[in-house]
Amino acid sequence: MEPRPRSFYALAAFFTLFLVFLYGPTITIAVLSFQGPGGGLTFPMRGVSLHWFRDLFEQQAVGDIWGSFRRSLVLGLMVMVTTVVVSVMGGLAFRKRFKGSSILFYLIITSLVIPSILISLGVGLIWSQSGLPVHWSTSGFGAQLTWTLPFGLLIMFAVFNRFDRSYEEAARDLGASPWQTIRHVVLPIIAPSLIGVALFGFTLSYDEFARTLLTSGSYNTLPLEIFGMTTNVTTPVIFALGTLTTMFSFLVIGLFLLIVWWTERRRKRHGSDAGKGMV
Amino acid sequence: MASPLALILAVFLVAPIVMIVIVSFWGATEFSIYPAFQFDNYEFLFGSDVTYRVFLNTFKYASITWLFTLLIGFTVAYFLAFHVRSLKWQVALFLLCTIPFWTSNIIRMISWIPFLGRNGLANSALISWGVIDEPLEWLLFSDFSVILAFVHLYTLFMVVPIFNTMMRIDKSLIEAATDAGATGWQTLWHVIIPLTKPGIMIGTIFVVTLVMGDFITVRFMSGSQSANVGRMIQNDIGLLQYPSASATAVILLITVLMVIGILLRFVDIRREL
């Protein structure tokens, strides 16, 4: 190997600084969430304790944190499943031109770039004007899909752009029905990317704020609850909550990465060539 | 196969836009809104110089954030794509850059407080080094903190597409440039940057639209002291002035779509996936 150029070290230093910038604040509030009972929102630490975490688990803490966590979790799973199913179907459909396909494509792009407050406001208006009660599982659910679906679809487009079609043709030649072809040939090949789509679906929903603001009704999701806390909580309890949800996000991301790694390994062990259907 | 997608987008994207356009012509009293067809909301909007100032401020946030995210994002992507040698490390470091995207934006904003506050880390460090005597007041709740948060939240929207296009550049092109006697800078300027343009454009679309449509970062990081268009809309919503919020939203949407329209002339998204 040739020696590294001097620019490598400069860029490596820059990259390290970038990571510090990216993670530094998160690590800081993680440390501060262990403040002693008398500590404030900034350093110095006045002792080390689990006081603020205990506060979260006690009933008298502000609002309904655990209820909102449960709602966010259920909503995230709903959005995740829908995003995966609809993205796969959409991805399959977009392999051929169909009537309205370019309009639909531009709608997907619009959905991605539209300011989120417009979705919130528009969906909220439709619901209120037609006399329906806004609820996180109906209006909130739909509003979040406008954010997760474009990501799912863009991933699917990228996947199908690289998809080797001869595998499907082979299946058809062997007499597989269209459903069998999808179930036994297409889905196994694209499986790892589906895990990616699921990750996007869940985490983007779990953290979404703007689109749920006017569409979730009287029961808050977790980000809404946290935002409510920022205006009236001035103790490190908010850092404790932030640390916990970030830990939860990391756990979810780690879980998804682990599943990807595990499926890859299983494939290799079984000598499966499912992953090779990409060109 | 595309019908569930079409249905969802029809109900939750097209219908809300149509609804906002309709309501933007309605009237409002202090407590309720009523159907009408009047241009009052738009007249008021265009007649007030607050509107122009707020739109200008929105563009200011967008362009400054764009500049910083581009410079940082490009450098990071360049390092990952051309200086990290094994694919394993590239993937690992790339993941490290993208993980924050899957965590909560609000928490990432909150986490700046202990840094930037009056008694925060930045101020105490600067005081202990003797750079300043008094804590700086403009670190938190200012334009500075708003843009810092934007850059913090959205740089990875630049890193990902730029890295993606850079990974597809044929390495022999760079060798050819070196063999032809180009310096590192010349290769960067005449080979890598032109080939990375599609990625830069996609990143730009993300960053510009996210910043222009934002209301929560500005509200939180400026401590309600600065405004952008999103804040203006949110204010009206808070006062139950939905028609006037809708009119502002319509103008914002047109502005954003115009910006995107211009940017899309430089890149074919479907080819870049």
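The buried residues (under 20% relative accessible area, 1.4 Å probe, protein chains only) of helix 5 of chain A pack against helix 6 (136-161) and helix 9 (210-213) of chain A, and against helix 1 (3-23), strand 2 (33-34), helix 12 (229-238) and helix 13 (242-264) of chain B. Helices (H or I, at least four residues) and strands (E, at least two) are DSSP runs, numbered from the N terminus; contact means heavy atoms within 4.5 Å. The model is predicted: local features need pLDDT of at least 70 and side-chain atom pairs pLDDT 80 or more, whereas totals for chains, interfaces and linings use all residues. Residues are numbered from 1 along each chain as its sequence is written.

Of the 14 residues of helix 5 of chain A, 11 are buried, among them A:Ser116, A:Leu121 and A:Trp127.

Three cavities of 30 Å³ or more were found in the whole structure. A cavity is a set of points on a 1 Å grid over the protein atoms alone where a 1.4 Å probe fits but cannot get out, and lining residues have an atom within 4 Å of a point. The largest cavity has a volume of about 480 Å³, a volume being the space filled by probe spheres set on the points. Its lining comprises 30 residues, of which A:Trp147, A:Glu208, B:Asn105, B:Tyr154 and B:Leu210 lie nearest the centre. The second largest cavity has a volume of about 80 Å³; helix 1 of chain A provides the largest share of its lining, three residues.

Notes:
Chains lettered and ligands numbered in written order. Heavy atoms only, no water. Buried < 20%, exposed > 50% of the residue type's maximum accessible area, 1.4 Å probe, protein only. 1 Å grid on protein atoms, 1.4 Å probe; cavity = no way out; pocket = protein on both sides within 12 Å on 5 of 7 lines; lining within 4 Å.
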